[in-house]
Amino acid sequence: MLSSLRSLLSATKCPATRRCSGFVSRTRYVNRLKEDDVSCAAALQNGRIFLFHRLSPLLQRTERGTFRPAALISSDVQAILERLGSDGSLLRESVLINCSEQNQAQFCLDVGELDQEAVEEECEGNFVDLRKSFFLLSGAEAPLVAQGQALLRWHQTSRFCSATGQPTHRNQAGSQRVCSSSGTVYYPKMSPVVIVLVSDGKRCLLGRQSSFPRGMYSALAGFCDMGESLEEALCREVAEEVGLEVQSISYSSSQHWPFPHSSFMLGCHASVSPTDTQLDVDHTELEDARWFSLEEISSALQVKTPPRRGEPPVLWLPPEHAIGNRLITEWVVRQRESES
Ligand SMILES: NC(=O)C1=CN([C@@H]2O[C@H](COP(=O)(O)OP(=O)(O)OC[C@H]3O[C@@H](n4cnc5c(N)ncnc54)[C@H](O)[C@@H]3O)[C@@H](O)[C@H]2O)C=CC1
Ligand SMILES: [Mg+2]
C-alpha cells in the first residue's frame, strides 16, 4: 500500500514545474510580505484586490459571456470605498492571497459593511455565492477565490483568543493573528479530508449526500480523525460509509476545498476485490451509493450543466476543478488504457 503511495507521490507534478522562470522569486516575495508589514502595506498600494461581500466573491461577466473574479486595482478600490462613504481604513483590512505571474500582489477584502448593490454598480459585477461561483469559474480562477474566502472567513471567526478570551490582532498580510494578552500566535486552520475513488477493476463507486444537488454523485469523502494517517482515515471512511474493506491505495493529488470551511482534500484511488463488492450503505451519511460502469461515467463527464428543475434526473459529477472530478477522470483514462 505504502509503496504505491510513494511511487505516485514522486510522479505527481510540482506546481513550480508548470511555471516559467520567476517562480522562486515570486514565492520569496510573498513570504517576505507575510513577515514585513511595511513591505506588505506598500505592495497593497500597487496590488490587485478581489472583493467579497459577506464572503461572496465579486464576479464580472466577460465579453464571451463567461465569468471571472474581478481583480480590481487597489487605487480604484480606494476611490470606490470613499465614494460609498467608507473612511478609507477598510482597504488596510485586505488580506494577502498570493502574487500573480505578472508580479502583482493579490489581496482579498470583504466589504460586507457597505451596501451590496452600490458596490456592484460601482464595480460592474455581482457578488455571487461561492458554491454557485464554483460552477461559473474556470479551473484556474476558482482556487484563488476559494483561498481568498477561506482567509477572510478565518479572520472573521478568529477575532478573539480561545484561551484568554482577549482580542487578537492580525499582521498586515493577514497570515497570522496574535493574542493581545498572551502573545499566542494563531495561523489559518484547515481540516484534512480524504477523498477516494473506489474501483472493483471494472466499475467505480460513487455516493451522494442528501445535500448534493439533484442527480450529483461524487467519490467518497470524510474528515480525518485526530491521530490517523491518510491510509487509516481512508480505510475507516470506506468501511463506515459503504461497508467495504479496501485492498490497495494509491495517492493522486490534493486540493484546498472551501466547503464547509477550509478542507485540505487528499485524493486517492483504492481497489476492492471483485468478489467483495456488496454495499452496505450507512444512510445517516449517504443518501445513496452505487457502482457505475465506464460507459455511465464517460457520458456523465460530458454533462457540463446540472439538469434544470422539471427535467428528468441525470447523473452528473463535481465540476472540473473539484478533485472528485479529477479522480473520476483519471479512473476513466486508466480503464480505457487497460481495455485497449
Ligand atoms: N472537492 C470534491 O470533489 C469533494 C469534496 N467533498 C468535501 O469533503 C468534505 C468531507 O466529506 P463528508 O462526507 O461531509 O465528511 P464525513 O464523511 O466525515 O462526514 C461529515 C461529518 O463528519 C464530522 N466531522 C468530523 N470532523 C469534522 C470537521 N473537521 N469539520 C466538519 N465536520 C467534521 C461531522 O459530524 C460531519 O457531519 C465535505 O465538506 C465536502 O465538501 C466531498 C466530495 C467531493
Ligand atoms: Mg462522507
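User: In which loop is Pro-260 found?

Analyst: This is a predicted model, in which local features need pLDDT of at least 70, side-chain atom pairs count only at pLDDT 80 or more, and totals for chains, interfaces and linings use all residues. Residues are numbered from 1 along each chain as its sequence is written, chains are lettered from A and ligands numbered from 1 in the order in which they are written, and side-chain values use heavy atoms, with hydrogens and water left out. Helices (H or I, at least four residues) and strands (E, at least two) are DSSP runs, numbered from the N terminus. Pro-260 is in the loop between strand E14 (248–257) and strand E15 (263–271).

User: What is omega for the peptide bond that joins Phe-259 and Pro-260?

Analyst: Most peptide bonds are trans. The bond joining Phe-259 and Pro-260 is cis, with omega at about -5°.

User: Is Arg-54 buried or exposed?

Analyst: Arg-54 is found in the loop between strand E1 (48–53) and strand E2 (56–61), and its phi is positive, near 50°. Buried means under 20% relative accessible area, exposed over 50% and partly exposed in between (1.4 Å probe, protein chains only). With a relative accessible area of 62%, Arg-54 is therefore exposed.

User: What is the phi of Glu-124 near?

Analyst: Glu-124 is found in the loop between helix H5 (116–123) and strand E7 (126–127), where it counts as exposed at 67% relative accessibility. Most residues other than glycine have a negative phi. Glu-124 has a positive phi, near 50°.

User: How are H2 and H3 oriented to each other?

Analyst: Helix H2 (residues 23–35) packs with helix H3 (residues 37–45) at an angle of about 115°, the axes being 6 Å apart. Axes are lines fitted to C-alpha atoms, for helices over the stretch in contact, and angles run from 0 to 180 degrees between N-to-C directions. Under 35 degrees counts as roughly parallel, over 145 as roughly antiparallel, 65 to 115 as roughly perpendicular and the rest as oblique. H2 and H3 are therefore roughly perpendicular.

User: Which residues coordinate the magnesium ion (ligand 2)?

Analyst: Donors are N, O and S atoms within 2.8 Å of the metal (3.2 Å for Na, K and Ca), and sites may look incomplete because water is not among the atoms. The magnesium ion is coordinated at 2.1 to 2.2 Å by Ala-221 (O) and Glu-241 (OE). One lies in strand E13 (residues 220–223) and the other in helix H8 (residues 230–242), so parts 20 residues apart in sequence are tied together by Ala-221 and Glu-241.

User: How far apart are the C-alpha atoms of Val-194 and Leu-230?

Analyst: Val-194 is in strand E11 (residues 191–199) and is buried, with a relative accessible area of 1%. Not counting residues up to four places away in sequence, Val-194 touches residues including Ala-221 and Leu-230. The C-alpha atoms of Val-194 and Leu-230, 36 residues apart along the chain, are separated by 6.8 Å.

Conventions. Contact means heavy atoms within 4.5 Å.
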